[in-house]
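Subject: Structure handover

Hello,

Here is the structure we discussed, for your records. My notes on it follow below.

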Amino acid sequence: MKWILFFLFFGPAAQADQSAYKNFLIGERAGGMGGAFSAIADDPSGIYHNPAGLAFSEADYFSLSTNAFQSSSVRYEGVFGATRDYNLSAGALTPSFFGFTQALGPGRFAFAVVVEEFQLTNQNDRITDISTTAGALKNYSRQLTREEAVYLVGPAYSMPFGKKFSLGLSLFFSYHREKGTTQETVEFNAGNPADYFLNMGYVMREDFGLKPKLGVVWTPLPIWSVAFTFTKHIHIYGGGAFEQRSAPQKDTAGALIAPNGSFAHDVTSSSISNVFSRRVAPFEFTLGNALFLSDTFLMSGDFTLYTPDPDYIESTVVTTWNAALGFEWYLFPKIPVRWGLYTNNANTPATAEGGINQGTSVNMYGGTVGFSFMGPQSSITVTGGYAYGKGEGQIVTNSTAIQDATQQAFTFYLSASYQL
């Protein structure tokens, strides 16, 4: 049946956050520097970027909180005829980071709460007069609500070994949750065996795991630091439930059943209570460098490699990478300005001709700029970012048609910190 689940509500095309790894930039300084922070990592966000950097924090106690607002969208071209596109958008305001560090023994202890991913989608679509051809799609409407989030909570400890070397380990408990509902109405022109189709769906899935990160910082010269990090998500448990109801009904031979007014007779219902859920979990390796060119200017760069994840069963995950380059300059003694460039490449394979239900593959390129206003023991930081990319995807279920996809994201961060 060509109209069953007309759009990939729960499929690869809908899971935009799992097709890329750098949708949020975590941390006050790191956010302004495009995420290029592993060779610095001396504030509480170091627990996320590189726990080894915490050993070089000069504050006895430091707290940091960040709120992020993000608005993102993907436009699929030519979905309803050659000139009619479809937009899938999401946006949310969320506390994305809270953390602190404190001296403990010969090293430094840290604890953080990180919102690594957060998407909130509320679609209300009504597309009319799509075609006048007999039996072809005429009108389509959908109400879609979907939320997906990844939370990390955990401690870290960093130990210096002399003045040039430090080692750190963070251990996050991770919780991934997805839930959503959809209601679709599809209307056809006269000439089709059924001139309408109704579909309602609900999904709830969650995944529990651990995400340890081992980090190293080496400072061969006073103006140069090098960082290495190794990260691997460890799946512990996942599950969920899925329900779907649709009409008109078909018999076992695929023929339409004439309705008789009985819900059980007219509506197809399916329910699964043990849906497998497991987040994409590659092995991550990061190499970072930072140059402290003066007391008021530094530059930093990161390169991260992500391996495939053969245990992820919902779609194919391939090797990918991301890079970031960031700068910090003290325009005035208490007002640093930061800016950066970064990539957010897709982990989905390039769309192949003749395939169906393939995920969206868009490589994005972004930039950030931010300012801090520092007091004797506190600071406030404002950062803005924009990312853009083009690629391909398949938004229509069981169709070999490939759509050009344009994705963009605007992000605004507001951070505050306090130290003793």
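Asp129 sits in the loop that runs between β3 and β4. Its phi is near 55°, which is a positive value in a residue other than glycine. Most residues other than glycine have a negative phi, and most peptide bonds are trans.

What lies 3.0 Å from the backbone nitrogen of Asp129? A polar atom of the side chain of Asn139 does. Asn139 belongs to strand β4, residues 137-161.

**The loop between β13 and β14**

This loop holds two residues that I looked at. Asn357, in the loop between β13 and β14, has a positive phi of about 55° although it is not a glycine. Is Asn357 buried, exposed or partly exposed? With a relative accessible area of 26%, Asn357 is partly exposed, because that class lies between the 20% and 50% limits.

Thr348 is also placed in the loop between β13 (335-344) and β14 (361-374). Thr348 counts as buried, since its relative accessibility is 11% and the limit is under 20%. A polar atom of the Thr348 side chain lies 3.0 Å from the backbone oxygen of Thr360. Leaving out residues up to four places away in sequence, Thr348 touches Ser19, Thr316, Val318, Thr360 and Ser361.

**A cis peptide bond**

Ala247 and Pro248 are joined by a cis peptide bond, with omega at about 10°. Pro248 is in the loop between β8 (234-247) and α3 (263-266).

Phe109 is in strand β3, residues 107-127. The residue is partly exposed, at a relative accessible area of 28%. Apart from neighbours within four places in sequence, Phe109 is in contact with Phe100, Thr101, Gln102 and Leu104, as well as Pro155, Ala156 and Tyr157. Phe109 and Leu291 are 182 residues apart along the chain, and their C-alpha atoms are separated by 26 Å.

Val79 and Pro95 are 16 residues apart in sequence, and the C-alpha to C-alpha distance is 35 Å. Val79 is found in the loop between β1 (61-76) and β2 (86-104). At 15% relative accessibility, Val79 counts as buried.

**The largest pocket**

How much space lies in the largest pocket? The figure is about 1,100 Å³. Its lining consists of 40 residues, and those nearest the centre of the pocket are Arg29, Asp42, Phe56, Glu58 and Tyr330. By residue class, the lining of the largest pocket divides into 16 nonpolar, 13 polar and eleven charged. Elements that each supply at least two residues of this lining are α1 (28-32), β6 (196-221), β11 (297-306), β12 (320-332), β14, β15 (378-393) and β16 (403-419).

**Cavities**

The model has seven cavities of 30 Å³ or more. The largest cavity has a volume of about 550 Å³. It is lined by 36 residues, of which Tyr21, Tyr48, Glu116, Glu284 and Tyr306 are the closest to its centre. The lining of the largest cavity divides into 16 nonpolar, eleven polar and nine charged residues.

**Confidence**

The mean pLDDT of the chain is 89, and 95% of its residues reach 70 or more. Over residues 1-16, pLDDT stays under 50. For that stretch the model has 69 contacts beyond four places in sequence. Where pLDDT is low, the predicted coordinates should not be read in detail.

Regards

Key
Residues are numbered from 1 along each chain as its sequence is written. This is a predicted model: local features need pLDDT of at least 70, side-chain atom pairs count only at pLDDT 80 or more; totals for chains, interfaces and linings use all residues. Side-chain values use heavy atoms; hydrogens and water are left out. Helices (H or I, at least four residues) and strands (E, at least two) are DSSP runs, numbered from the N terminus. Buried means under 20% relative accessible area, exposed over 50%, partly exposed in between (1.4 Å probe, protein chains only). Contact means heavy atoms within 4.5 Å. A polar contact is a pair of N or O atoms within 3.5 Å; within protein, one must be able to donate a hydrogen and the other to accept it, and residues adjacent in sequence count only if both atoms are side-chain atoms. On a 1 Å grid over the protein atoms alone, a cavity is a set of points where a 1.4 Å probe fits but cannot get out, and a pocket is an open set with protein on both sides within 12 Å along at least five of seven lines; lining residues have an atom within 4 Å of a point. Grid points are joined across faces, edges and corners, and a volume is the space filled by probe spheres set on the points. Ala, Val, Leu, Ile, Met, Phe, Trp, Tyr, Cys and Pro count as nonpolar, Asp, Glu, Lys and Arg as charged, and the others, Gly among them, as polar. pLDDT is the predictor's confidence in each residue, from 0 to 100.
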